[in-house]
Amino acid sequence: MNLWQAFKMAFKSIAMKKTRSFLTMLGIIIGVASVVIMVSVMQGQNAKNMEYWKKMGDNKIDLYAYSWMDMENETGEKIFDYCLSLNDLVVGVTPKAEINSTITIQYGAKTLKSNDWENMDYSSGKDPWLTMLHVYLGSDQFGICNNYTLASGREMSYLEVEKALPVCVLGSGAKEQLFGFTDPVGETITLNGDPFQVVGWYRSFNMGEENYTGSQMDNAIVIPYTFNRTMNNNNTIDQYVVKAKDSLSTVEAMTKLDSFLSGLFPKDENGQSSNGYYQFGSNDSFVEEQEKANLMQSLVMGAIAGISLLVGGIGIMNIMLVTVTERTREIGIRKAIGAERSSIITQFLIEAAVICSIGGLIGIAIGYVGTMIAGKLMSDVFEGMILMPEPFIAFGAFAFSVVLGIIFGMYPAIKASGLQPVVALRAD
């Protein structure tokens, strides 16, 4: 018997017992659909998380250093100068100090306030924090270090920062609240009554309306850090962002920074520093950890869904054993007229594989529909998420289902091929 005849007999056997065949396939259908949906949803969620880190900036080092006895920001100046000396590794460095006191911001008839915690209005149903303005002290490299992209105008210049000239750059949210659709470049706003000229504004990070980090960055107003004395009561600047050239430079720069900061904040035998402390981390490190966690999550979710396929495989073996019992006489006749064991085994394995293949294809179709439905339901949480199963996931689930059919069909097939013709022909 050739393979074409074996496939024809397999389809004929399935068609003769449609209900039983469908119920047998059900475990495979559920298993394949579960694998496709769960792994696709997990991948989509992980992709959105990775997109967040990418938007926040690659090769970016967030540095926090504070000295107990630093009244003139000397520590900050040393850090700033040291980072600039690493010109083979670092492309930019900037303070990122938010003015935590409330600043009154005016343009024309519009009056807004930054960090106005006492008058937060929840009556609109939206979290007012998402539209609250934030005034930052930064250098001429604030944009490149924080992964901003200019929409119009320019960054603050080095001389403007050094000479404490009253200029500012707006985030997209701050620009929209103050100027609407008008280009603000060249216009003047006042901060606590002091005039600042707008020299540029940044594009939005587009992280979604409910993303607090993205909203905070979009609602930023950046002024020269040399206004720390007049606008921020000369508070110590202890937060910096360092932008490295690439991922390898990031690792090397962090190693050198650690050595440099250890010298600024020497520790005693108990590991404690008497004059301050520091800490730093990079988005690259977070991305690597996130990728490892994402891989582990996908493997776990895939394994859980794979259990359904194993259950379906057991169902295949069970029904094939029943089929062997029902077709004992047929097997006896075929062996009596000279059929070899290999042909009997092939016939039953093909039948098991066909059942799993049909179930796998139905499962893939259901998985695609289920993934799109899941993506629609999750779009409120992850704005802009469009879920579509990767072809290799669908193919992998299908191939696994066929392999399961062959594996779990092996025992019934061997059992069928081992029947003695005389015994088989006596069966009812």
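**Exercise 1. Find which element gives the largest share of the lining of the largest cavity, and how that lining is made up.**

*Solution.* Start with the share: α2 supplies 3 residues, the largest share of the lining of the largest cavity. Helices here are DSSP runs of H or I with at least four residues, strands are runs of E with at least two, and both are numbered from the N terminus. A cavity is a set of points, on a 1 Å grid over the protein atoms alone, where a 1.4 Å probe fits but cannot get out, and its lining residues have an atom within 4 Å of a point.

A word on the source before we go on: this is a predicted model, in which local features need pLDDT of at least 70, side-chain atom pairs count only at pLDDT 80 or more, and totals for chains, interfaces and linings use all residues. Residues are numbered from 1 along each chain as its sequence is written, and side-chain values use heavy atoms, with hydrogens and water left out.

Next, list the lining: S13, I14, K17, R20, S21, T24, I319, T323, E351 and I355. Two or more of these residues come from each of α1 (3-16), α2 (18-56), α10 (283-326) and α12 (341-378).

Then sort by class: 3 are nonpolar, 4 polar and 3 charged. In this scheme Ala, Val, Leu, Ile, Met, Phe, Trp, Tyr, Cys and Pro are nonpolar, Asp, Glu, Lys and Arg are charged, and the others, Gly among them, are polar.

Last, the volume is about 70 Å³. A volume is the space filled by probe spheres set on the points, with grid points joined across faces, edges and corners.

**Exercise 2. Count the cavities of 30 Å³ or more, and describe the second largest cavity.**

*Solution.* The count is 2. The second largest cavity has a volume of about 40 Å³. Around it lie F80, S139, D140, Y158, V161, E162 and Y225. Helix α5 (residues 158-162) gives the most, 3 residues. By class, the lining has 4 nonpolar, 1 polar and 2 charged residues.

**Exercise 3. Decide whether P224 is buried or exposed, and list its contacts beyond the neighbours within four places in sequence.**

*Solution.* First place the residue: P224 belongs to strand β11 (residues 220-224). Its relative accessible area is 0%, so P224 is buried; buried means under 20%, exposed over 50% and partly exposed in between, with a 1.4 Å probe and protein chains only.

Now the contacts, meaning heavy atoms within 4.5 Å. Leaving aside neighbours within four places in sequence, P224 touches L137, G138, M156, E160, V161, L165 and V167.

**Exercise 4. Work out how K60 is placed, and how many residues of α6 are buried.**

*Solution.* K60 sits in strand β1 (residues 60-67). K60 counts as buried because its relative accessibility is 2%. Its C-alpha lies 5.9 Å from that of V242, 182 residues away along the chain.

Turning to helix α6 (residues 172-179), 6 of its 8 residues are buried. They are S172, G173, A174, K175, L178 and F179. After α6 comes G180, with a positive phi near 65°.

**Exercise 5. Find where confidence is lowest and where it is highest.**

*Solution.* Confidence is given by pLDDT, the predictor's value for each residue, from 0 to 100. The chain has a mean of 80, and 80% of its residues reach 70 or more. Helix α14 (residues 421-426) is lowest, at a mean of 57, and strand β8 (residues 167-170) is highest, at 96. Where pLDDT is low, predicted coordinates should not be read in detail.

Technical notes: On a 1 Å grid over the protein atoms alone, a cavity is a set of points where a 1.4 Å probe fits but cannot get out, and a pocket is an open set with protein on both sides within 12 Å along at least five of seven lines; lining residues have an atom within 4 Å of a point.
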